[in-house]
Every structure is written in structure tokens, then in C-alpha cells.
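Subject: Structure handover

Hi there,

Here is the structure I promised to pass on. Have a look at it first, and then read on for what turned up.

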Amino acid sequence: MSGLKVGIVLPGRESVVDEGPYPKNLASIAALAEACGFDSVWAGESPLARSRMNPLLALTAAATATERIQLGTGVLMPLRPPVHLAHELACLDRMSGGRLIAGIGSGFASPATEREFANYGLDFATRFGRMRETVEICRAVWAARGEPVSYQGEHYRLQDATVLPLTEEPGGPPLWIAHSGPKMLRRAGRELDGWMPTSTTPEKYGEGWRQVAAARDEAGRSSAAVTGAVYLSVAVDDTKQRAEETLSSYFGAYYNLPLTTMRTTQGIFGGTRHEVADRLARYVENGARHLILRLPTDELTEPKYRSAVRRTAEELLPLLRDL
């Protein structure tokens with residue numbers, strides 16, 4: 001399919017549990033992804049609940065080592081003061097030459113995430129309102145192009161706040177949302193630039209995308225105004241059994257949870273290159289135009305990850321280019 005993009009998730013969790021030089025090599029891993037033909041690299045956020053490399057720092061490193069690929073946050077939680085986040089994103093957007101996509105979320109509902117918010121001095125129950133105001137403030141200060149902005153919200157206030165540098169585009173980098181609730185689906189279609197959930201099945205993804213597209217159309221926006229993306233974990237191997245063994249090892253080490261439990265909330269599958277490509281094709285048929293692939297490995301090490309990047313590029317990417 002013309003215009004389909006394929007990105008991979010940088011090993012944020014893997015690089016911090018490794019006590020070796022893994023973190024300082026994230027830039028060269030991003031360069032490898034670019035050389036292998038991927039369209040984007042992504043970094044997620046979980047500073048305390050399931051510690052990972054800071055996504056904005058990881059993507060800054062990636063920006064310095066690449067020229068073409070897009071750089072995406074998958075996703076940022078409302079942990080920072082919005083004006084501080086707006087400044088950080090503007091800096092990264094300019095450093096990368098306008099290649100940034102800002103994925104926004106509110107945090108997965110779990111005791112660990114609630115503790116994470118509490119340790120940041122934030123009430124977990126207010127996360128949706130904080131996320132909404134964060135988006136509003138970011139867009140307001142970016143659109144002001146260096147002029148002062150004041151804002152009065154339930155959670156945040158600004159008084160004559162001026163943000164520099166200017167973003168590459170007057171409206172700032174694209175803002176994508178990860179949520180699948182009815183209100184968020186409508187907001188994605190009416191106001192935002194992309195929708196990027198992790199969906200357990202292509203059919204469920206299609207149900208959500210149709211709601212996003214309907215809200216987009218009702219708002220009078222063009223079909224290109226909102227990108228349909230999906231965040232999935234895939235393992236390519238010689239047999240489905242070997243791929244499943246890799247997935248089981250990975251999610252056990254990463255989340256300390258069984259694969260069956262993780263599959264109730266995330267899109268996770270493995271198999272031969274053709275089996276994986278066929279599964280991804282069903283997401284494309286249901287509206288996905290940007291595939292964001294996390295690459296599980298049986299060990300959370302840098303050599304294993306680099307091998308997964310190369311194998312996915314060599315075996316899976318050509319099949320996806322033909323969709």
C-alpha cells in the first residue's frame with residue numbers, strides 16, 4: 001500500500017536493565033534502523049513503574065545519528081509541567097529538523113503506575129484532565145511563535161509564558177494519542193493528528209479506527225488529517241513455535257507476567273515472516289498506515305536486539321512494502 005510506514009521501538013527497558021554500554025549505543029541502534037530501511041524509531045516512558053530510558057533523551061541521541069527517519073514518543077505520560085514539556089518537544093523537533101511525532105497517553109491503570117504518579121506528586125485520578133490540558137498548552141505556546149501565552153485550566157495555569165525555539169511547523173509536531181475509549185476516539189478524530197493504540201486484534205483496531213474516522217469527517221477534516229497507527233509486538237522466526245518461545249521469554253523478563261496475560265491488553269504475535277506479514281496486513285486492511293513494531297528477544301541484550309532489527313528488516317520489511 002502506498003504510504004505505509006513501518007517503525008520499530010528502541011530498547012528503552014532493555015538498555016537500562018543491562019549494566020553494560022547498552023544505553024550509550026542507542027544512537028547507533030537508531031542509525032542501524034535507518035540503514036535497514038525503517039521509517040521511524042520510537043521510545044516509550046515509564047520512569048519508575050517499569051524503568052526505561054528517558055524517551056526524550058533517547059530520541060535526542062537518535063536525532064544526532066540519523067537524517068531521515070521520524071522520531072516518535074510511544075507514549076509520554078502527563079508527568080511533566082506542560083510548558084516544560086512543550087519546550088522539550090520544541091527543542092527536539094528543531095534538533096531533528098522537524099522529524100518528531102509526539103505520542104501522548106495517560107498511563108496504564110495499574111498499582112505500579114498509580115505509585116509512579118504519586119511519587120511525582122500527582123493524583124492518578126486526574127491524569128485524563130492533565131493530559132487534555134497538556135495538549136492544549138503545548139499547541140497554544142507553539143502556535144504563538146514566541147509570543148507570550150496565558151492559560152487558565154483546572155490543573156495548570158500560565159501567565160505570559162514564552163517558548164523558544166520555534167517548532168519547525170507553526171502548529172508544532174504532530175500529536176498522536178494512544179487511547180481507545182469513546183471520548184478519546186472522538187477527540188483523536190476531531191482534534192489530534194494520529195491514533196496509535198496497541199490492539200489485541202485487527203478487528204478491534206478497525207472498530208476504533210472507524211470511530212476516529214467518523215469524528216474526523218464530522219469535524220470537516222481531510223482524510224489525511226489523522227494518521228492511523230498501531231503499536232504491536234512481533235517476533236519473526238523459522239517456526240511459530242520458536243517465535244512463541246521468544247515471546248514468552250521476553251514478556252516474562254520484561255513484565256514478570258505470563259504471555260497469556262499480556263495478550264489480553266496488547267497486540268502480540270509471532271511466527272514465520274509470512275505469518276507475521278499476513279497478520280500485519282489485516283491491521284492495514286482495517287485502517288493502519290503506520291506500523292510501530294516492538295521486537296521481543298529471548299534475552300534482553302544488545303546483540304539480541306540488533307539481530308532482531310536486522311532479521312525483521314531482511315525478512316519482514318520487504319513483505320510489508322508490498323502491502
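How many salt bridges does a search of the whole structure find? It finds 18, where a salt bridge is a side-chain nitrogen of Lys or Arg within 4 Å of a carboxyl oxygen of Asp or Glu.

Before the details, a word on conventions. This is a predicted model, in which local features need pLDDT of at least 70 and side-chain atom pairs count only at pLDDT 80 or more, while totals for chains, interfaces and linings use all residues. Residues are numbered from 1 along each chain as its sequence is written, and side-chain values use heavy atoms, with hydrogens and water left out.

Salt bridges

Let me start with Glu 88 and Arg 80, whose side chains meet in a salt bridge at 3.2 Å, N to O. Arg 80 counts as buried, at 14% relative accessibility, and Glu 88 counts as partly exposed at 25%. For these words the cut-offs are under 20% relative accessible area for buried, over 50% for exposed and in between for partly exposed, with a 1.4 Å probe and protein chains only.

Glu 168 and Arg 94 form another salt bridge, again with 3.2 Å from N to O. This pair links distant parts of the chain, 74 residues apart: Glu 168 sits in the loop between β6 (157–161) and β7 (175–177), and Arg 94 belongs to helix α4 (residues 82–95). The element names come from DSSP runs, numbered from the N terminus: helices are H or I with at least four residues, strands are E with at least two. Glu 168 is partly exposed, with a relative accessible area of 36%, and Arg 94 is partly exposed too, at 40%.

Arg 187 and Glu 191 also meet, with 3.7 Å from N to O. Here Arg 187 is partly exposed at 22% relative accessibility, and Glu 191 is partly exposed at 36%. Elsewhere, shared partners join the salt bridges of Asp 237, Asp 238, Arg 242, Arg 311 and Glu 315 into one network.

Parallel strands

Next come the strands. β1 (5–9) runs parallel to β2, and three bridges join them; two strands pair if DSSP finds at least two bridges between them. Val 9 has Trp 42 in β2 as its bridge partner. Strand β2 (residues 40–43) is in turn joined to β3 by four bridges, also in parallel. Across that pairing, Ser 40 stands opposite Gln 70 and Trp 42 stands opposite Gly 72. On its other pairing, β3 is joined by four bridges to the parallel strand β4 (residues 100–104), where Ile 101 is the bridge partner of Gly 72.

Two right-handed β-α-β units come with these strands. One consists of β2, helix α3 (residues 55–65) and β3, and another of β3, α4 and β4. Right-handed here means that, with the strands pointing away from the viewer, the path from the first strand over the helix to the second runs clockwise.

How covered are these strands? In β2, Ser 40 and Trp 42 are buried on one side, and Val 41 and Ala 43 are buried on the other. In general, the side chains of a regular strand alternate between the two faces of the sheet. Strand β3 (residues 70–76) is mostly covered, with six of its seven residues buried.

Helix α12 (residues 302–321) has 20 residues and spans 27 Å from its first C-alpha to its last, close to the expected 28 Å. That expected span is 1.5 Å times one less than the number of residues. At Ala 313, α12 bends by about 40°, the bend being the angle between axes fitted to the seven residues ending there and the seven starting there. The buried residues of α12 include Tyr 305, Val 309, Ala 313 and Leu 317. Among the elements that cover them are α2 (26–35), β9 (227–236), α11 (273–285) and β11 (290–294).

Helix α6 (residues 127–143) has 17 residues and reaches 24 Å, close to the 24 Å expected. Its buried residues include Arg 127, Arg 130, Glu 133 and Trp 142. Just after α6, Arg 145 takes a positive phi of about 55°.

Methods:
Contact = heavy atoms within 4.5 Å.
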